[in-house]
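Hi,

Here is the structure I promised to pass on.

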Amino acid sequence: MAHLFSAENRFYTWRQLWLTLAIAEKQLGLPIPDAAIDEMKQNLHLDAKQFETAAAEEKKRRHDVMAHVHTFGTVAPSAAGIIHLGATSCYVTDNADLIFIRTALTLVFKKLAVVIDRLSAFARQYRDLPTLGFTHFQPAQLTTVGKRATLWLQELLWDLRNIKRARDDLGFRGVKGTTGTQASFLTLFDGNHDKVEELDRLVTELSGFSYAYPVTSQTYSRKIDIDVLSPLASFGATAHKIATDLRLLAHLKEIEEPFESTQIGSSAMAYKRNPMRSERICSLARHLMTLHQNALATASVQWFERTLDDSANRRITIPEAFLAADIVLTTLQNVSEGLVVYPRVIARRIAQELPFMATENIIMALVKKGGDRQEAHEKIRVLSHQAGHQVKQLGLENDLIERVRGDAYFEPIKEELDALLEPSSFIGRAPQQVDKFLKEWVEPALADEELKRAVEKCDKAELSV
């Protein structure tokens with residue numbers, strides 16, 4: 001990803017676009033020498049000296065595109081007079097951006113599939129491990145560790161869909177001229193509209209795109225940037241939610257992210273095991289989410305056929321968005337490949353809360369034995385408040401079940417209490433939901449050949465810091 005948005009690749013792509021334009025113009029009859037095409041082909045990559053030349057030219061001319069037109073001409077002298085023929089700066093800048101964006105979306109698309117694959121294995125492994133559910137971060141009915149992971153997976157699948165949609169919808173600016181009218185190309189081809197349209201089609205095809213936007217101004221519409229950054233920002237929200245859940249679970253000591261044997265959690269507190277990877281995901285994801293606002297603001301202030309106040313903003317925003325998404329994905333993959341679950345801690349927390357949750361089952365069991373529902377409810381209410389006092393006021397363990405066992409009123413169901421308190425009886429259809437979700441939603445999504453190859457080729461994610 002870093003190479004994709006590097007200066008080296010950017011200016012290589014500009015030269016490739018100038019070569020493509022020259023090839024198409026020559027094919028449609030413009031007098032461009034073969035030597036010009038050959039010299040351009042042989043000098044697509046810039047060496048250190050050419051970078052110095054371009055920098056000097058840009059300082060003198062205050063125009064990056066013209067600086068590189070002149071620099072390219074020094075190494076391809078036969079082409080110096082036809083480089084950029086009929087084009088405006090946005091021919092190379094905008095078309096190159098669209099090439100970078102499409103490639104970057106593909107990289108993100110594939111890396112996201114790997115994360116989904118890793119979390120799917122986690123969900124399958126812990127499909128039926130009961131765990132305390134939380135609403136408002138207060139104890140709620142039980143779920144399973146695997147079922148909770150499917151909530152993360154479902155949002156990641158939506159992100160996968162949205163990123164693919166953005167990539168597949170992406171078009172090319174093509175050759176449109178200074179204000180989008182193609183006037184310069186119409187002049188080049190002596191008023192031949194068909195040739196101008198064919199030039200646009202040829203350049204688009206040679207650049208690997210299936211279509212060009214039918215109308216543009218000097219630039220492609222900056223609403224396209226909104227469409228691109230929106231699914232990235234949405235993924236940022238998903239990643240932040242997952243990492244936040246993991247940070248909270250680490251606090252509860254139920255699940256932890258990977259922690260190396262020599263890793264140091266704190267320079268002062270040697271015992272600390274801080275969830276620094278999940279915290280990093282949250283930090284970068286927040287930045288990723290905010291970048292979408294730049295695209296919205298920029299699109300809204302593009303006066304008429306364009307203003308240049310988009311340029312500096314986009315040069316920062318678009319690469320940063322993809323670089324942020326890329327490292328969030330790498331970190332999330334690393335975390336998902338090394339999650340550590342502590343079943344005994346989970347079981348202990350369930351044991352602390354389950355007696356209260358089991359009260360309805362106890363009441364129903366008594367009624368089945370001939371008891372009175374209202375009378376049983378009052379008995380349970382009183383005992384529950386007594387147990388609550390033990391927990392909240394005295395800091396003791398929840399002894400509700402011991403109180404139930406010691407009350408003669410509950411004698412008819414005492415033999416059933418252990419069964420009524422079995423955690424697996426409180427998880428509903430969670431394991432079956434996990435199985436169905438993985439089979440009917442995750443597996444078909446990852447069956448896409450492009451994604452299947454990406455998952456098969458991907459090694460474990462390693463982090464240096």
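Arginine 10 is buried, because its relative accessible area is 17% (buried means under 20%, exposed over 50% and partly exposed in between, with a 1.4 Å probe and protein chains only). You'll find arginine 10 in helix H1, residues 7-27 (helices are DSSP runs of H or I with at least four residues, strands are runs of E with at least two, and both are numbered from the N terminus). If you skip its neighbours within four places in sequence, arginine 10 is in contact with Asp97 and Phe100, where contact means heavy atoms within 4.5 Å.

Before I go on, a word on what you're looking at: this is a predicted model, so local features need pLDDT of at least 70 and side-chain atom pairs count only at pLDDT 80 or more, while totals for chains, interfaces and linings use all residues. Residues are numbered from 1 along each chain as its sequence is written, and side-chain values use heavy atoms, with hydrogens and water left out.

Now the salt bridges. I'm counting a side-chain nitrogen of Lys or Arg within 4 Å of a carboxyl oxygen of Asp or Glu, and by that rule there are 31 of them. Side chains of opposite charge can pair when their charged atoms come close. Here are a few to look up:

- Aspartate 399 pairs with arginine 403, with 3.0 Å between the closest N and O atoms. Aspartate 399 is buried because its relative accessible area is 18%, whereas arginine 403, at 25% relative accessibility, counts as partly exposed.
- Arg10 turns up again here: salt bridges that share partners join Arg10, Asp97, Asp225 and Arg314 into one network.
- Lysine 241 bridges to aspartate 245, the closest N and O atoms being 2.8 Å apart. Both sit in helix H9 (residues 223-251), 4 residues apart, or about one turn of the helix. Lysine 241 is partly exposed at 34% relative accessible area, while aspartate 245 is buried at 18%.
- Arginine 349 and glutamate 254 meet through their side chains at 2.9 Å, N to O. This pair links distant parts of the chain, 95 residues apart: arginine 349 is in helix H12 (residues 343-357), and glutamate 254 is in the loop between H9 and strand E3 (255-256). Glutamate 254 is buried, with a relative accessible area of 1%.

Next, a look at threonine 71. It belongs to helix H4 (residues 64-75). Is threonine 71 buried or exposed? Buried, because its relative accessible area is 1%. Its side chain reaches the backbone oxygen of alanine 67 at 2.8 Å. Outside the four places on either side in sequence, threonine 71 is in contact with Arg15, Gln50, Thr53, Ala54 and Glu57.

Then there's the hairpin. Strands E1 and E2 run antiparallel and are joined by 5 bridges (two strands pair if DSSP finds at least two bridges between them). Threonine 131 has threonine 143 in E2 as its bridge partner. The hairpin has 2 residues between the strands, and histidine 136 takes a positive phi near 60° there. Phenylalanine 137, in the loop between strand E1 (130-135) and strand E2 (138-144), has a phi near 55°, also a positive value in a residue other than glycine. For background, most residues other than glycine have a negative phi. Phenylalanine 137 counts as partly exposed, at 39% relative accessibility.

Phenylalanine 304 has a positive phi too, near 45°. Its place is in the loop between H10 and H11, and at 77% relative accessibility it counts as exposed. Val301, Trp303 and Phe304 make a nonpolar surface patch of about 420 Å². Patches use residues with over 30% relative accessible area and no salt bridge, with nonpolar side chains (Val, Leu, Ile, Met, Phe, Trp, Tyr) joined within 5 Å and like charges within 9 Å; the areas come from the Shrake-Rupley method with a 1.4 Å probe, and for residues only the protein chains shown count as cover. Valine 301 lies in the loop between helix H10 (276-300) and helix H11 (311-336), and is partly exposed at 35% relative accessibility.

Last one: aspartate 34, in helix H2 (residues 34-42). Its side chain makes a polar contact with the side chain of lysine 26 at 3.0 Å. A polar contact is a pair of N or O atoms within 3.5 Å; within protein, one must be able to donate a hydrogen and the other to accept it, and residues adjacent in sequence count only if both atoms are side-chain atoms.

Cheers
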